[in-house]
Amino acid sequence: MSDTECRFHSLNAEQVEVLHQVLSEVVPIHGRGNFPTLELRPRDIIIAVRARLQKQGITVRDVRLNGSTASHVLVRDNGTSYKDLDIIFGVELPTQEEFQVIKESVLGCLLDFLPAAVNRERISNATMKEAYVQKMVKVFNEHDRWSLISLSNNSGKNLELKFVSALRRQFEFSVDSFQIILDRLLDWRLKKNMNISHLFPAVEVLAESMYGDFEAAMDHLRYRLIATRNPEEIRGGGLLKYSNLLVRDYRPASETQIKTLERYMCSRFFIDFPDVQEQQRKILSYLKNHFIGEERSKYQYLMTLRRVVDDSTVCLMGHERRQTLNMITVLALKVLGEQNIIPNTDHVTCFYQPAPYLAEHTAPYLAEPSYCSYYIPQGGSALLYQPYPLHLHPQTGLV
């Protein structure tokens, strides 16, 4: 089998059924202000956007389901779940003018999905953007040409439409490297009087692993194994996603290689986010987007991230390293305070005069001076003590 062939896999009947369910499930797109919630099925918005792009002269090579949703379709019995629905439109973007066409096409489709009673004549694309778009990104350079339009969902299950002409790196780890090609399913859906039982095996639906070896990536997904290649190519090094996988009981596929990979992850993270305040903003954004409804996992995540940074960072000066570790620690303490959790204080040692309550800190975080141990009083605020460096107990997170 050639390298190209081993990247692809034909979905079986059960996987096609799950895919059909995912694309048919109603996803609410919540409007801001007085704008109504749009009840959209992914397949309907995908078909509408594809048709409008083609009408506007944009070449659409294919449409794919990407990331954790594709992983959920392929393997359900290991507890894989998904939040965002990531849809990739493979398009031709020779110039930046096509980005404007794409944006107007998506907003025009949303306008068409408004309830019939809404007067559309006075609603502009700019108004639709403010009402329903959570995030909009455009990248156009020598190596990468793509845009992202993320539609708002208050529960964190965003519908993300990504339009890709060129993208050097399309995955972080093997378990999120899957893309399911939807065109045959969408074209079948457009035919009248067809139900799902007529689809398989008449129509072959293909999935591709951007990692390269589809069966190896599937084994990693089935058995919760962490594997990647060239993490230095990933923006942020994949460090935040790697720590998330560890929290979700994934383990390294190769214990001998993981320390080297961790060092590459940390190095790339600190290259992309060299300032401690940038690092904090990135971590907080990751927590906001990936732990909706899982607030009690945030502390474990932050302490896992802290351990990886502590063990594998080799590219920072000593004081920079301490700043980052202390910043992550303070975020972890704040999470405990917000949840009003009283940790085990058997190993707490307190030194000197307490610093102000953490809950009263509103200015951007400054890492110096270093903090040591703490306790959480009943009110939920964390008392911090100085001036000794902080060394956390490996199990409890306490001194």
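The questions and answers below concern this model.

Guide: This is a predicted model, in which local features need pLDDT of at least 70 and side-chain atom pairs count only at pLDDT 80 or more, while totals for chains, interfaces and linings use all residues. Residues are numbered from 1 along each chain as its sequence is written, and side-chain values use heavy atoms, with hydrogens and water left out.

Visitor: How many helices and strands does the protein have?

Guide: Helices (H or I, at least four residues) and strands (E, at least two) are DSSP runs, numbered from the N terminus. By this rule, the protein has twelve helices and 14 strands.

Visitor: What percentage of the residues in the protein is buried?

Guide: A residue is buried under 20% relative accessible area, exposed over 50%, and partly exposed in between (1.4 Å probe, protein chains only). Of the 399 residues in the protein, the buried share is 50%.

Visitor: How many salt bridges does a search of the whole structure find?

Guide: Side chains of opposite charge can pair when their charged atoms come close. A salt bridge is a side-chain nitrogen of Lys or Arg within 4 Å of a carboxyl oxygen of Asp or Glu. The number found in the whole structure is 19.

Visitor: How many residues apart in sequence are the parts that Arg50 and Asp183 tie together?

Guide: The side chains of Arg50 and Asp183 meet in a salt bridge, at 3.3 Å from N to O. Arg50 lies in helix H2 and Asp183 in helix H6, so the pair ties together parts whose separation in sequence is 133 residues.

Visitor: Is Arg168, the salt-bridge partner of Asp144, buried or exposed?

Guide: The closest N and O atoms of Asp144 and Arg168 are 3.3 Å apart. Asp144 lies in the loop between strands S6 and S7, and Arg168 in the loop between strands S8 and S9. Asp144 has a relative accessible area of 10% and is therefore buried. Arg168 has 60% relative accessibility, so Arg168 counts as exposed.

Visitor: Which helix holds both Asp311 and Arg307?

Guide: The side chains of Asp311 and Arg307 meet in a salt bridge. Asp311 is partly exposed at 48%, and Arg307 is partly exposed at 36%. The two residues are four apart, about one turn of the helix, and both lie in helix H11.

Visitor: Which residues are linked with Arg7 in a network of salt bridges?

Guide: This network of salt bridges includes Arg7. The residues linked with Arg7 are Asp62, Arg64 and Glu208.
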